[in-house]
Amino acid sequence: DERRADMHQAFLKLGCALILYQPPAEVLLGVLSHRPPGVGCPTGSGRSARLEARIPQLEAEQAELEQAIAATPAEQYERIRELSEQLDALSQQIERETERWLELAELAS
């Protein structure tokens, strides 16, 4: 039980670090797919697995929007505004889904 609690704490710290630093999707996928033996994703439901797969996809979309904003000429302020609104909505969705995934991880332990 102590080992499981330690692993749970490490997993939560990893999740918090990923939220704070928002690494590129490739890095996140690498971290999530290379767990030590015996350490799995929270299995309270298929929802956690779906979220674990969906969050990196959303983060990749977020990176694409950021690149699109950077590539848009300043004169196209309306387009920049539209992209920024999409980016804000997507960032909020990522935050909600990440929080839900962490909640499911905590419930599964």
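Reader: Why does Leu104 count as buried?

Author: This is a predicted model, and every value below is computed from it. Leu104 has a relative accessibility of 8%, and since buried means under 20%, Leu104 counts as buried. The residue lies in helix α4, and its C-alpha atom is separated by 9.9 Å from that of Ala49, which is 55 residues apart from Leu104 along the chain.

Reader: Which residues make up the largest nonpolar core?

Author: That core has six residues in all, namely Leu58, Leu65, Leu83, Leu87, Leu90 and Ile94. Helices α3 (46–71) and α4 (77–108) each supply at least two residues of this core, and the largest share, four residues, comes from α4. Leu65 illustrates how the members meet, for when its neighbours within four places in sequence are left aside, Leu65 is in contact with Leu83, Gln86, Leu87 and Leu90.

Reader: How do you know that Glu97 has no salt bridge?

Author: The nearest side chain of opposite charge to Glu97 is that of Arg54, 4.8 Å away, whereas a salt bridge needs a side-chain nitrogen of Lys or Arg within 4 Å of a carboxyl oxygen; therefore no salt bridge is assigned to Glu97. Leaving aside neighbours within four places in sequence, Glu97 is in contact with Leu51, Arg54, Ile55 and Leu58.

Reader: What is the secondary structure of the protein chain as a whole?

Author: The protein chain has four helices and zero strands, so that, read from the N terminus on, its elements run α-α-α-α.

Reader: How many of the contacts join residues 24 or more positions apart, and what share of the residues is buried?

Author: Among contacts in the protein chain with a separation of 6 or more, 72% are between residues 24 or more positions apart. Buried residues make up 28% of the 109 residues, and the chain exposes about 7,300 Å², of which carbon and sulfur atoms supply 55%.

Conventions: Residues are numbered from 1 along each chain as its sequence is written. This is a predicted model: local features need pLDDT of at least 70, side-chain atom pairs count only at pLDDT 80 or more; totals for chains, interfaces and linings use all residues. Side-chain values use heavy atoms; hydrogens and water are left out. Buried means under 20% relative accessible area, exposed over 50%, partly exposed in between (1.4 Å probe, protein chains only). Contact means heavy atoms within 4.5 Å. Accessible areas come from the Shrake-Rupley method with a 1.4 Å probe; for residues, only the protein chains shown count as cover. A nonpolar core is a set of buried Ala, Val, Leu, Ile, Met, Phe, Trp, Tyr and Cys residues joined through side-chain atoms within 4.5 Å. Lys and Arg count as positive and Asp and Glu as negative; His and the chain ends are not counted.
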